[in-house]
Amino acid sequence: MMKATGIVRRIDELGRVVIPKEIRRTLHFREGDPLEIYTDQDGGVILKKYSVIGEMEPYVREFADSIYHTIGCTAVITDKDTVLAASGQGKKDLLGQPLSAQLQKSMDQRKGVKKEKSGREVPIPLTENDKNEYASQCIMPIIGGGDVLGAVILTSQNETLTDAAYKNAETAAYFLGNQSQ
């Protein structure tokens, strides 16, 4: 069901329509975000944020489960906005939740991050409501076609993640990035 906003915009000579700032902010549309365009039977146009990683959701869930069962730490896979898959401790609290601003900022830096509670950098919350106290955390952005598409995240509540865990996250992110092209 579509909801009227009361905002009217005209199509310019190039066929463009400006999406008002209030709507972009509410729907978390950022400059450069891909949008999928749908039409309905009544002549309506629907814009939906497109997620390449979201299109691979069945595989992403299996990937997270495989990492969890192999390494034993919580495995989380996201697109740019939402937790798409999680396996391990805290899974139910994370699935489908919007990402924290700190995590989005970390992903936008386009490089892997390893954080430990005992080190200088404190692990960051994965979602706005994330209350988990991580002892160790690895965040590896998924990059495809030159764009950040999401992240593979490994967390541990009570032990430091090994270099092998970090390499697994790096491999998973690289694989998912390549699959998106």
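A crossing of two helices is left-handed if the near helix is turned anticlockwise from the far one by less than a right angle, and right-handed if clockwise. In this predicted model, local features need pLDDT of at least 70 and side-chain atom pairs count only at pLDDT 80 or more, while totals for chains, interfaces and linings use all residues. Residues are numbered from 1 along each chain as its sequence is written, and side-chain values use heavy atoms, with hydrogens and water left out.

**Helix pair**
- Helix 3 (residues 57-71) packs against helix 6 (residues 163-179) at about 165°, axes 11 Å apart.
- That makes the two roughly antiparallel (angles over 145 degrees count as such).
- The crossing of helix 3 past helix 6 is right-handed.
- V60, F63, I67 and I71 of helix 3 meet A165, N168, A172, F175 and L176 of helix 6 (contact means heavy atoms within 4.5 Å).
- Those contact residues split into eight nonpolar, one polar and no charged.

- Five strands make an open antiparallel sheet, ordered 4-3-7-6-5 (strands pair if DSSP finds at least two bridges between them).
- Strand 4 (83-87) and strand 5 sit at the edges, each pairing on one side only.
- Twist averages 15° from one strand to the next.
- Strand 6 (residues 136-144) and strand 7 (residues 147-156) share nine bridges; I143 pairs with V148 of strand 7.
- Helix 3 lies across strand 3 (74-79), strand 4 and strand 7, at about 30° to strand 4.

**A loop residue**
- R110, in the loop between helix 5 (101-108) and strand 5 (113-116), has a positive phi of about 65° despite not being a glycine.

Technical notes
Axes are lines fitted to C-alpha atoms, for helices over the stretch in contact, and angles run from 0 to 180 degrees between N-to-C directions. Helices (H or I, at least four residues) and strands (E, at least two) are DSSP runs, numbered from the N terminus. Angles under 35 degrees count as roughly parallel, over 145 as roughly antiparallel, 65 to 115 as roughly perpendicular and the rest as oblique. Ala, Val, Leu, Ile, Met, Phe, Trp, Tyr, Cys and Pro count as nonpolar, Asp, Glu, Lys and Arg as charged, and the others, Gly among them, as polar.
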